[in-house]
2 protein chains.
Amino acid sequence: MAITVVALAGGVGGAKLAHGLAEILAPGSLTVIVNTGDDFRHLGLFISTDVDTVTYTLAGRAHPKHGWGRAGETWQALSTLTELGGPDWFQLGDLDLGLHLYRTARMEAGATLSDITTDICTAWNIQTTILPMTDSPVRTIVETPEGDLPFQKYFVAKRCEPTVKGFHFQGIETAAPAPGVLKAIDAADLVVFCPSNPWVSIDPILAIGEVRSRVHRKPVVGVSPIIAGKTVKGPAARMYADLGIQPSALAVAAHYEDLLKGFVLDEEDASLSREINQLGMQTFTTDTLMRTEKDRVRLANEVMAFARAEVLE
Amino acid sequence: MAITVVALAGGVGGAKLAHGLAEILAPGSLTVIVNTGDDFRHLGLFISTDVDTVTYTLAGRAHPKHGWGRAGETWQALSTLTELGGPDWFQLGDLDLGLHLYRTARMEAGATLSDITTDICTAWNIQTTILPMTDSPVRTIVETPEGDLPFQKYFVAKRCEPTVKGFHFQGIETAAPAPGVLKAIDAADLVVFCPSNPWVSIDPILAIGEVRSRVHRKPVVGVSPIIAGKTVKGPAARMYADLGIQPSALAVAAHYEDLLKGFVLDEEDASLSREINQLGMQTFTTDTLMRTEKDRVRLANEVMAFARAEVLE
């Protein structure tokens, strides 16, 4: 029987591995549960950055170079906003705007984020199940010396400059997993933590209701988002450093210590394997940087082969 | 001293003559009061179609062929909406969207339509004062056998197909003229009714508070939006016919009978001049069709020369 996989993902890096998995697994056997802590309202629009990045990527519509936003994107609306002195700090492309307008209208008519995500997947013929972690508003707040900053303010407007002192997830206590989330985890043969930010992409998903305890019952393989002490994209390495932790694949593995049975790290970090093994998990080293679509498929195949050989019984 | 003019205008035709007047009058001596009865909320955006058309036209940013919307417009956001099965009946261009996003954000932060319009004029270096007729929501409702239709539903979604039985302006009783409207009329040497739809562009403006009675004290020249029984754009002729009135320059003049001292009609309609004179107004016939920017200036010059010679003492 086909192996059933749940992948937890944030934005660009997570979306790339999810895409690789989608390409190699049997139709219907992959569910991607996506962080919504970075969601925000901007100019009246309901924007769900990670869900959009995963959706665009799995639809083959993501910008091939940026990883976020859409291929063939244009910036006409933003140019008007700039001319008029409006708030133009968030990069809103025209194609992207169409989706935000669609989602906002649907939400205001009472649809949930997961309903809308399903309908977008149907319209774009995406075979993978994409689930937002929750339909309730959860907002990742970055604690800094300047005060608490909503994630997009920290990440985009402030360019990750304020020192990170901690995080919290507004609304997490009352947020329920979106329909299908717990069922998908329970039915999974394997859970994969995509190479996403542990602090602000994977942790919020794990913090929703019973998600962490359900994941805990499953074989889990993590893929390091940190290569040679750096992130390919995004602020994870900086966040580690701000928090007084040496950013490394080892630090990521340690972050998930109680959950992981296997960990995939870059060949540049091969020297960390032994220490990671000492945390009680199997390791696999390879080239984890996904430059091309072929890299995504290769890494996905390697993750699955490693899981079959070393993690699943 | 420079002559001071107030022009009342709806969308495309009105904007063209307003543009001609702006080109020939002394800086600071023209105020355009614009219909807001066609305004509506769509996809969460606050859209003010006639104010935008006048603004784009006076900023030199209007689409040269359509008359509405912007030069260099693209349709990427709308293409996404269509792909996703969203409401795509209203033509929302990407450049145009930027302005709607700007205005909607400002309105939600408490700014009025007239504040925002002033700021857009400043950003785009428009010397003419553009005033929405009111900052209160007024909605033109077209009464049809299918029931009452908001103007954009009738005009765009239903393509003017339902038979018009009448009109009313929701909210008109409590709407106050926008700041500056009455003052501009009181200070004007001349009021010009641009070649806009009498029923749904000029009538709503006149119906706000004391606008009609203040205009009544002033010399007024109207320009016919109907040429040889037809409108250049928009549903005015059809509305006349639906209401059982022969659409003609004469019908327009009669519509404003109590207000006009002078009326400008197309040379194709020269035979109607005598009957219009019998309504108690002077007439001037010329080529009123504005195909090019030169035509706008020529017609504006002719309107002003006629007003000076025959209407102003």
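This report describes the fold, the chain contact and selected residues of a predicted two-chain model.

Residues are numbered from 1 along each chain as its sequence is written, and chains are lettered from A and ligands numbered from 1 in the order in which they are written. Because the model is predicted, local features are given for pLDDT of at least 70 and side-chain atom pairs count only at pLDDT 80 or more, whereas totals for chains, interfaces and linings use all residues.

**Confidence and overall form**

The mean pLDDT (the predictor's confidence in each residue, from 0 to 100) is 95 in chain A, where 100% of the residues reach 70 or more. For the complex, the predictor gives an ipTM of 0.90 and a pTM of 0.92.

Chain A contains 13 helices and 14 strands, these being DSSP runs numbered from the N terminus, with helices (H or I) of at least four residues and strands (E) of at least two. The radius of gyration of chain A is 19 Å, close to the 20 Å that the globule rule gives for 313 residues, so chain A is as compact as a globular protein of that length; the radius is taken over C-alpha atoms, and the rule is 2.2 Å times the number of residues to the power 0.38. Along the principal axes, the C-alpha atoms of chain A fill a box of roughly 55 × 45 × 40 Å.

Of the 313 residues of chain A, 52% count as buried; a residue is buried if 20 or more other C-beta atoms lie within 10 Å of its own, exposed if 12 or fewer, and partly exposed in between, with C-beta atoms placed from the backbone. Two residues are in contact if their C-beta atoms, placed from the backbone, lie within 7 Å, and among contacts in chain A between residues at least 6 apart in sequence, 67% join residues at least 24 apart.

**Relation of the chains and their contact**

Chain B is superposed on chain A by a rotation of 180° with 0.0 Å of shift along its axis, at an RMSD of 0.0 Å, which is the relation of a two-fold axis. The superposition is by least squares on the C-alpha atoms of residues with pLDDT of at least 70 in both copies. Among the residues of chain B, B:Asp94 comes closest to the rotation axis, its C-alpha lying at 3.0 Å.

The contact takes 26 residues from chain B and 26 residues from chain A. On the side of chain B that touches chain A, helix H3 (76-83), helix H4 (94-108) and helix H5 (113-123) each supply at least two residues, and the largest share, 10 residues, comes from H4(B). The residues of this side divide into 14 nonpolar, nine polar and three charged, where Ala, Val, Leu, Ile, Met, Phe, Trp, Tyr, Cys and Pro count as nonpolar, Asp, Glu, Lys and Arg as charged, and the others, Gly among them, as polar. Since 100% of the interface residues of chain B are also interface residues in chain A, the copies meet through the same surface.

**Cores and an enclosed helix**

A nonpolar core is a set of buried Ala, Val, Leu, Ile, Met, Phe, Trp, Tyr and Cys residues joined through C-beta atoms within 7 Å. The largest has 76 residues, and those with the most contacts inside it are B:Ala7, B:Ala18, B:Ile33, B:Val192 and B:Val303. Residues up to four places away in sequence aside, B:Val303 touches B:Val192, B:Val221, B:Val223 and B:Val264. A second, separate core of 74 residues includes A:Ala7, A:Leu190, A:Phe284 and A:Val303.

In helix H2 (residues 49-58) of chain B, 10 of the 10 residues are buried, so this helix is largely enclosed by the rest of the structure. H2(B) is followed by B:Gly60, whose phi is positive, near 70°.

**Selected loop residues**

| Residue | Loop between | C-beta atoms within 10 Å |
|---|---|---|
| B:Asn125 | H5 and strand E5 (129-132) of chain B | 9, exposed |
| B:Asp287 | strand E14 (282-286) and helix H13 (293-311) of chain B | 14, partly exposed |

Phi of B:Leu43 is positive, near 55°, in a residue other than glycine, and B:Asn125, also not a glycine, has a positive phi of about 60°. Leaving aside neighbours within four places in sequence, A:Ala207 is in contact with A:Phe169, A:Ile172 and A:Arg212, while B:Asp287, not counting residues up to four places away, touches B:Asp266 and B:Glu267.
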